[in-house]
Amino acid sequence: MPHVAHPGYFMFVAIGVFNAVRACFVDVFIDESESAPSEYAREKRGLKATKVTRPIMIGVFVLISAFGVWKMFQP
């Protein structure tokens with residue numbers, strides 16, 4: 001009987017890829033010295049990434065996708 005991947009792992013891959021691509025296009029502070037967004041802007045758009053946190057966000061989402069792919073091929 002062939003191994004069939006659990007559908008939840010497909011969700012790991014889809015969500016990880018979607019969020020990694022989305023993280024590439026979020027607004028970015030040039031550096032941490034810029035003023036923080038107002039409370040209203042933070043609630044409306046969420047937190048902005050910095051030059052430091054964007055690669056971390058992308059890396060985490062790629063690792064989530066890689067975990068999903070790895071688990072799909074486990075017997």
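Me: Before we start, what does contact mean here?
Reply: It's a plain distance cut-off between heavy atoms. Two residues are in contact when they have heavy atoms within 4.5 Å.

Me: And what sort of model is this?
Reply: Residues are numbered from 1 along each chain as its sequence is written, and side-chain values use heavy atoms, with hydrogens and water left out. Local features need pLDDT of at least 70, side-chain atom pairs count only at pLDDT 80 or more, and totals for chains, interfaces and linings use all residues, as this is a predicted model.

Me: Leaving aside neighbours within four places in sequence, which residues is Ala23 in contact with?
Reply: Ala23 lies in helix α1; helices here are DSSP runs of H or I, at least four residues, numbered from the N terminus. Pro55 is 32 residues away from Ala23 in sequence, with 8.5 Å between their C-alpha atoms. Once the neighbours within four places are set aside, the contacts of Ala23 are Arg54, Met57 and Ile58.

Me: Is Ala23 buried or exposed?
Reply: Buried means under 20% relative accessible area, exposed over 50%, and partly exposed in between, using a 1.4 Å probe and protein chains only. Ala23 has 2% relative accessibility, so this residue counts as buried.

Me: How far apart are the end C-alpha atoms of α1?
Reply: The expected span is 1.5 Å times one less than the number of residues. Helix α1 covers residues 7-24, and its 18 residues should span 26 Å. The model agrees, with the end C-alpha atoms apart by 26 Å.

Me: What arc do the buried residues of α1 cover around the axis?
Reply: The buried ones are Val13, Gly16, Asn19, Ala20 and Ala23. They sit on the same side of α1, because the arc they cover, taken from the directions from the helix axis to the C-beta atoms, is only 150°.

Me: Why do residues three or four places apart point the same way in an α-helix?
Reply: It comes down to the turn. Residues at that spacing line up because an α-helix has, per turn, 3.6 residues.

Me: Which exposed residues are on the face of α1 turned away from its buried side?
Reply: The buried residues have cover that includes α3. The opposite face carries Pro7, Phe18 and Arg22.

Me: Which residue's backbone nitrogen does the side chain of Ser65 reach?
Reply: Ser65 is in helix α3, residues 53-72, and counts as buried because its relative accessibility is 10%. Not counting residues up to four places away in sequence, Ser65 touches Phe12, Val13, Gly16 and Val17. At 3.1 Å, its side chain reaches the backbone nitrogen of Val17.

Methods:
Helix = DSSP H or I, 4+ residues; strand = E, 2+ residues; numbered from the N terminus. Polar contact = N/O pair within 3.5 Å; in protein donor to acceptor, adjacent residues only side chain to side chain.
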